[in-house]
Amino acid sequence: MAKNKDSQLIMLEHSKAKMELFGRYLSIYLNVIKRVSFIDKIYLFDLFAGEGKYLNDEKGSAITIMESIKNHYYANGESSKNIDVWFNDAGKSEIEPELLKIERVERFVNEIYKPNNVNVKFTKKEYSEVIGEVINQLQKIRDSERALLFIDPWGYKNVKPTQLKQILKNGKTEVILFLPIYFMYRFVGKALTDETFAGGKPLEEFLTELFSGKIPDIKNQINFINDVKEQFKKYLGLKYVDTFTIERETNQFFSLFFFTNNKTGFYKMLDAKWDLDEESGRGFKIVNPNQSLMFDEITSVDYSSMMKDFLKSKQVITNQDLFDFGLDSGFLPKHTKKVLDELKHKNLIEVISLDKEDARSYYIDDNHKRKVQIKLK
Ligand SMILES: C[S@@+](CC[C@H](N)C(=O)[O-])C[C@H]1O[C@@H](n2cnc3c(N)ncnc32)[C@H](O)[C@@H]1O
């Protein structure tokens with residue numbers, strides 16, 4: 001066995017945070033879809049599956065997926081939708097050099113209980129090849145099927161915005177993409193301006209495609225993350241794109257980008273994210289005495305002011321509008337309620353019933369059966 005303290009062999013804290021969020025989201029995803037009776041099949045793709053398990057015994061994405069399916073099956077009276085899982089990785093194992101990574105993945109996956117209606121396949125293809133096959137498959141997806149892709153490369157070289165567009169086109173697919181923002185940020189200025197910068201080509205292509213030639217906001221990494229997110233929204237024509245940001249060392253940021261057309265899926269992801277980071281819901285903060293200032297910047301989003309501005313922005317604002325506003329701003333109904341409680345306490349708002357019953361609360365939820373107007377006094 002190779003002895004190397006490399007992050008590829010030992011799972012570091014930031015990767016654990018990534019896996020934890022991914023695992024939580026997957027369990028929620030399986031539960032949400034389970035309740036939709038007309039859906040009869042789920043496709044899960046893990047196209048950079050890795051080693052399966054790290055040297056310090058931490059579990060990678062493939063094991064996370066199979067354990068989530070197993071736990072879901074047992075938690076639901078030994079039942080689950082039909083699921084097809086596709087694991088791919090082209091690399092040679094660093095831990096067992098005589099094996100391919102995907103062979104290790106297969107060995108670990110085979111040790112985990114799998115319901116009969118779950119099919120798993122393993123391939124060792126180049127991403128550029130496998131993604132074409134996945135896109136073909138997703139173009140034929142039926143109305144009763146859903147798909148989730150986990151794209152977890154080391155860099156950003158392989159990821160093409162056009163391919164993401166094709167993947168998401170069917171409206172039935174969700175994508176979780178991990179991007180090494182820190183490395184992109186370091187090279188972005190150079191890649192876009194210096195023609196002779198070797199190695200900048202993939203980044204330049206990625207950003208030129210995504211930003212249609214516009215220069216991204218590179219004031220700091222957080223601005224860059226937000227700009228990439230907003231640009232993804234425009235480029236992919238999606239309402240819901242979110243990020244979960246992980247700080248590796250001081251000022252080294254990595255982000256999980258989450259793409260969906262589905263409001264419920266987005267809401268559930270937000271819930272999973274807030275669970276992991278009660279403070280800001282934006283990312284995982286590694287406990288670090290020399291905590292970066294930049295991270296503090298993003299934790300101090302003033303939701304209260306944002307909401308007051310929103311309440312001023314339209315004549316009539318309903319509980320549904322406030323639920324949607326919260327979601328679009330990355331906040332849950334409980335946060336919206338907290339701000340409304342404060343405003344109410346200061347006698348700054350009133351709640352007016354828009355149906356036949358008295359307004360006793362704010363009823364902040366999606367499609368709440370009650371309808372009220374919330375108004376600044
Ligand atoms: C960040 S690691 C994946 C980690 C894994 N998801 C986990 O949770 O443990 C990236 C993986 O992509 C694989 N890889 C890199 N370039 C690839 C390519 N062009 N095609 C297919 N696999 C590739 C590497 O072998 C590596 O295992």
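This briefing walks through the overall build, the domains, the ligand shell and a few individual residues of the structure above. The model is predicted, so local features need pLDDT of at least 70 and side-chain atom pairs count only at pLDDT 80 or more, while totals for chains, interfaces and linings use all residues. Residues are numbered from 1 along each chain as its sequence is written. The protein chain holds 13 helices and 10 strands; helices (H or I, at least four residues) and strands (E, at least two) are DSSP runs, numbered from the N terminus.

**Overall build**

- Along the principal axes, the C-alpha atoms of the protein chain fill a box of roughly 70 × 55 × 40 Å.
- Of the 377 residues, 36% count as buried. Buried requires 20 or more other C-beta atoms within 10 Å of a residue's own, exposed means 12 or fewer, and partly exposed lies in between, with C-beta atoms placed from the backbone.
- Among contacts in the protein chain with a separation of 6 or more, 67% come from residues 24 or more positions apart. Two residues are in contact if their C-beta atoms, placed from the backbone, lie within 7 Å.

**Two domains**

- The domain assignment gives domain 1 (13-298) and domain 2 (302-376); such bounds come from an automatic or database domain assignment.
- The C-alpha centres of domain 1 and domain 2 lie 33 Å apart.
- Nine residues of domain 1 are in contact with four residues of domain 2. Helix α9 (residues 263-276) supplies six residues, the largest share of the domain 1 side.
- That side of domain 1 has four nonpolar, one polar and four charged residues. Here Ala, Val, Leu, Ile, Met, Phe, Trp, Tyr, Cys and Pro count as nonpolar, Asp, Glu, Lys and Arg as charged, and the others, Gly among them, as polar.

**Around the ligand**

- The ligand is surrounded by 15 residues, and the closest are F48, G50, G60, A90 and G91. A residue is near a molecule if its C-beta atom, placed from the backbone, lies within 6 Å of it.
- By class, the shell around the ligand divides into six nonpolar, five polar and four charged residues.

**Helix α12**

- In helix α12 (residues 319-329), the residues N319, L322, F323, G326 and L327 are buried.
- Seen down the axis of α12, its buried residues fall within an arc of 135°, so they line one face of the helix. The arc is that of the directions from the helix axis to the C-beta atoms.
- An α-helix has 3.6 residues a turn, so residues three or four places apart point the same way.
- The cover over the buried residues of α12 includes α9, α13 (333-345) and β10 (372-376).
- After α12 comes G330, whose phi is positive, near 85°.

**Residues worth a look**

- S212 is not a glycine, yet has a positive phi of about 45°. S212 sits in the loop between α7 (201-211) and α8 and counts as exposed, with 10 C-beta neighbours inside 10 Å.
- N347, also not a glycine, has a positive phi of about 60°. N347 lies in the loop between α13 and β9 (349-353) and is exposed, with 8 other C-beta atoms within 10 Å.
- N226 belongs to helix α8 (residues 221-236) and is partly exposed, with 15 other C-beta atoms within 10 Å.
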